[in-house]
Amino acid sequence: MTSGSSEVEDLLRTLTPQVLGLLVRRHGQFDRCEDAVQEALLAAALKWPEQGAPESPRAWLLTVATRRLTDEWRSERA
C-alpha cells in the first residue's frame, strides 16, 4: 500500500461519521444512508489515490452519497 492510499484511507475514516451524520439528519433512514455513504466511500477509494482528493472531500462524499440515495429512491418508485 502506498503512502498516498494510506492518506486517503485516513481521510475517509475521519470523514465517514461526519457524512453519515449529515445524511441521517437530512433524510432519516439510517440504513439507507449508511449504504449510500458506503458506495460513496468505495468510489472515493478507487478514484482519489489515482486522481487525488478533491478540494473539499467531505462535500464530495456528501454529494455522491446524496445522489446514490436519490437514485435508490427513484428506482424504487419506478
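Before starting, I wrote down what buried means: under 20% relative accessible area, with exposed over 50% and partly exposed in between, using a 1.4 Å probe and protein chains only. I am reading a predicted model, in which local features need pLDDT of at least 70, side-chain atom pairs count only at pLDDT 80 or more, and totals for chains, interfaces and linings use all residues. Residues are numbered from 1 along each chain as its sequence is written, and side-chain values use heavy atoms, with hydrogens and water left out.

**Entry 1: Leu69**

I looked up Leu69 and found this residue in helix 3. Leu69 counts as buried because its relative accessibility is 1%. What does Leu69 contact once its neighbours within four places in sequence are set aside? I noted Leu23, His27, Arg32, Cys33 and Ala36, with contact meaning heavy atoms within 4.5 Å. I also checked Asp35, which is 34 residues from Leu69 along the chain; their C-alpha atoms are separated by 8.3 Å.

**Entry 2: the overall layout**

I counted three helices and zero strands in the protein, and from the N terminus on the elements run α-α-α. These are DSSP runs numbered from the N terminus: helices are H or I with at least four residues, strands E with at least two. Along its principal axes, the C-alpha trace spans about 40 × 25 × 20 Å. Buried residues make up 28% of the 78 residues. Of the contacts with a separation of 6 or more, 64% are between residues 24 or more positions apart.

**Entry 3: helix 3**

I went back to helix 3, which has 21 residues. Helix 3 reaches 30 Å from its first C-alpha to its last, close to the 30 Å expected at 1.5 Å a residue; the expected span is 1.5 Å times one less than the number of residues. Its buried residues are Pro57, Leu61, Leu62, Val64, Ala65 and Leu69. A reminder to myself: an α-helix has 3.6 residues a turn, so residues three or four places apart point the same way.

Rings of Phe, Tyr and Trp (its six-membered ring) pair if their centres lie within 6.5 Å; planes under 30 degrees apart count as stacked, over 60 as edge-to-face and the rest as tilted. The pair is edge-to-face because the rings of Trp48 and Trp60 have their planes at 65°, with centres 5.1 Å apart. Trp48 sits in helix 2 (residues 30–51) and Trp60 in helix 3 (residues 57–77), 12 residues apart, and the pair links distant parts of the chain.

Not counting residues up to four places away in sequence, Trp48 touches several residues, including Val8, Leu11, Pro57 and Trp60.

**Entry 4: the core**

I finished with the largest nonpolar core, which has 18 residues. Such a core is a set of buried Ala, Val, Leu, Ile, Met, Phe, Trp, Tyr and Cys residues joined through side-chain atoms within 4.5 Å. Those with the most contacts inside this core are Leu12, Leu23, Val37, Trp48, Leu61 and Ala65. Helix 1 (3–27), helix 2 and helix 3 each supply at least two residues, and the largest share, seven residues, comes from helix 2.
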